[in-house]
Amino acid sequence: CLRDAASVFHSMTRVRPRAVPSPKDLAILWSHECLRVFCDRLVEEDTEEFLNVLSDLLRTQVKFTGKWKPNQHVALRWGSFLNRDPSAREYQNLEDEDALKTALLDYLEEHDLTVQ
């Protein structure tokens, strides 16, 4: 659907240029958004086919080479919640496992305190 494709590119426009300094980073962002928009709706068999198509596109059209492979899609995490200040939030690649874990635990702790 055209709305879904637009959602992929709309989300990509939320990223500041410094967060995607190379074509590889842009390809990873595009892959993440495609996975987020399209792949989340698929059943397991279709997900595998989708990942194969995505991998082929990256290899043939984008000439993507590198250590990342689309079957490692679970490692693709982008978000804007690492910075607690809403005015300073930036949509960015959440590569830092420790920072991600710390932020999520902080949010969980804050949630638990407000629920009690």
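Helices α1 and α2 are oblique to each other, a class that takes in the angles left over once those under 35 degrees are called roughly parallel, those over 145 roughly antiparallel and those from 65 to 115 roughly perpendicular. Their packing angle is about 140°, and their axes lie 9 Å apart. Axes here are lines fitted to C-alpha atoms, for helices over the stretch in contact, and angles run from 0 to 180 degrees between N-to-C directions. The model is a predicted one, in which local features need pLDDT of at least 70 and side-chain atom pairs count only at pLDDT 80 or more, while totals for chains, interfaces and linings use all residues. Residues are numbered from 1 along each chain as its sequence is written, and side-chain values use heavy atoms, with hydrogens and water left out.

The protein has four helices and two strands, in the order α-α-α-β-β-α from the N terminus. These elements are DSSP runs numbered from the N terminus, with helices being H or I of at least four residues and strands being E of at least two. Of the 116 residues in the protein, 28% are buried; buried means under 20% relative accessible area, exposed means over 50%, and partly exposed is in between, with a 1.4 Å probe and protein chains only. The accessible surface of the protein is about 8,200 Å², and carbon and sulfur atoms account for 54% of that surface. Such areas come from the Shrake-Rupley method with a 1.4 Å probe, and for residues only the protein chains shown count as cover. Among contacts between residues at least 6 apart in sequence, 47% join residues at least 24 apart, a contact being heavy atoms within 4.5 Å.

Helix α2 spans residues 23-37, and α1 passes α2 in a right-handed crossing. A crossing is right-handed if the near helix is turned clockwise from the far one by less than a right angle, and left-handed if anticlockwise. On the α1 side the contact is made by Asp4, Ser7, Val8, Phe9, Ser11 and Met12, and on the α2 side by Leu26, Leu29, Trp30, Glu33, Cys34, Arg36 and Val37. By class, this contact has eight nonpolar, two polar and three charged residues. Ala, Val, Leu, Ile, Met, Phe, Trp, Tyr, Cys and Pro count as nonpolar, Asp, Glu, Lys and Arg as charged, and the others, Gly among them, as polar.

Two residues of α1 can be followed in more detail. Asp4 is in helix α1, which covers residues 2-12. Its relative accessible area is 13%, so Asp4 is buried. Beyond its neighbours within four places in sequence, Asp4 is in contact with Val37, Phe38 and Arg41. Ser11 is also placed in helix α1, and Ser11 counts as buried because its relative accessibility is 7%. With neighbours within four places in sequence again left aside, Ser11 is in contact with Glu33, Arg36 and Tyr91.

Leu29 belongs to helix α2 and touches Met12, Val15, Val20, Trp78 and Tyr91, not counting residues up to four places away in sequence. Leu29 and Met12 are 17 residues apart in sequence, and their C-alpha atoms are 7.1 Å apart in space.

Tyr91 sits in the loop between β1 (78-79) and β2 (92-93). Tyr91 is buried because its relative accessible area is 7%. Outside the four places on either side in sequence, Tyr91 touches Ser11, Arg14, Val15, Ala19, Leu29, His32, Glu33, Arg36, Trp78, Gly79 and Ser80. Tyr91 and Thr13 are 78 residues apart along the chain, with 9.4 Å between their C-alpha atoms.

The next pair is α2 and α3. Their axes come within 12 Å and cross at roughly 160°, which means that α2 is roughly antiparallel to α3. This crossing is right-handed. Ala27, Trp30, Ser31, Cys34 and Leu35 in α2 meet Phe50, Leu51, Leu54, Leu57 and Leu58 in α3. By class, that contact has nine nonpolar, one polar and no charged residues.

Tyr107 counts as partly exposed because its relative accessibility is 24%. Not counting residues up to four places away in sequence, Tyr107 touches Phe81, Asn83, Arg84 and Arg89. The C-alpha atoms of Tyr107 and Arg84 are separated by 9.2 Å, and the two residues are 23 apart along the chain.
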